[in-house]
Amino acid sequence: QKWKNNDIEPPNSNPRGVTVYDEIALEAHFLKLLPDGMSRDDARDVIQHRQEEVLNLTHVDFPKTCIDDEVMGLVLELSLEAERTMVPEFFDSARGETVLRSKFETDKNTVFCAVDYDELWKQNGWLDFFQNELILMNDTAYAFAKMDEEVWEEIDEAEEDLKRHRYHLRR
């Protein structure tokens, strides 16, 4: 009823987190481009790091494919008709049709788009990153994590020696 009386503000769009990095990680997983044992979270994080820190780009800079203009026109008309039918007073208000059209125009190149993977694999060395660099990074991390037990024992002994030395210096 408040909507009909124009007493409340329309709800804001649902806040969405950035999901594109996770989507790319999933696509890379399905294409078997991720190193064995790499978690989804780790894959997402390295993709985000490369895009933002290495390439100095943002999540919106990935190549994308969007719904064509003809289909977008149909979706807009259906949305307008639904608003007109469900909340006619709001639709006719200053915050109704005009705002909906404006929001739709803003969102048509973001919300109604997805990553264009055919283009992604061709740009900025992404395919090479997955096929070579990421595997090398993962192998290096794996090798470090699996260091020989003797090395860790030597490190532990050196730390103990340092603690004993510091103890004697304080006395």
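Which residues of H4 are buried? In this predicted model, they are Met 72, Leu 76 and Leu 80. Viewed down the axis of H4, these buried residues fall within an arc of 70°, so they line one face of the helix. The other side of H4 carries exposed residues, namely Glu 70, Leu 74, Leu 78, Thr 85 and Met 86.

Helix H4 itself spans residues 69-86 and has 18 residues. From its first C-alpha to its last it reaches 25 Å, close to the 26 Å expected at 1.5 Å a residue. At its start, a side-chain oxygen of Asp 68 comes to within 3.2 Å of the backbone nitrogen of Glu 70. The cover over the buried residues of H4 includes helix H5 (88-92) and helix H6 (97-107).

The largest nonpolar core has 20 residues, and those with the most contacts inside it are Ile 24, Phe 62, Leu 120, Trp 126 and Phe 130. Two or more residues each come from helix H2 (20-30), H3, helix H7 (117-120) and helix H8 (126-145). H2 gives the most to this core, with five residues. Beyond its neighbours within four places in sequence, Leu 120 is in contact with Ile 24, Phe 62, Pro 63, Val 115 and Trp 126. Apart from this core lies another, of five residues, among them Met 72, Leu 76, Leu 80 and Phe 104.

Gln 51 belongs to helix H3 (residues 40-54). Gln 51 is buried, with a relative accessible area of 1%. Setting aside neighbours within four places in sequence, Gln 51 is in contact with Tyr 21, Asn 56, Leu 57, Thr 58, Asp 61, Phe 62 and Trp 126.

Conventions. Residues numbered from 1 in each chain as written. Predicted model: local features only at pLDDT ≥ 70, side-chain atom pairs only at ≥ 80, totals over all residues. Heavy atoms only, no water. Helix = DSSP H or I, 4+ residues; strand = E, 2+ residues; numbered from the N terminus. Expected span 1.5 Å × (residues − 1). Buried < 20%, exposed > 50% of the residue type's maximum accessible area, 1.4 Å probe, protein only. Arc of directions from axis to C-beta. Contact = heavy atoms within 4.5 Å. Polar contact = N/O pair within 3.5 Å; in protein donor to acceptor, adjacent residues only side chain to side chain. Core = buried A, V, L, I, M, F, W, Y, C linked by side-chain atoms within 4.5 Å.
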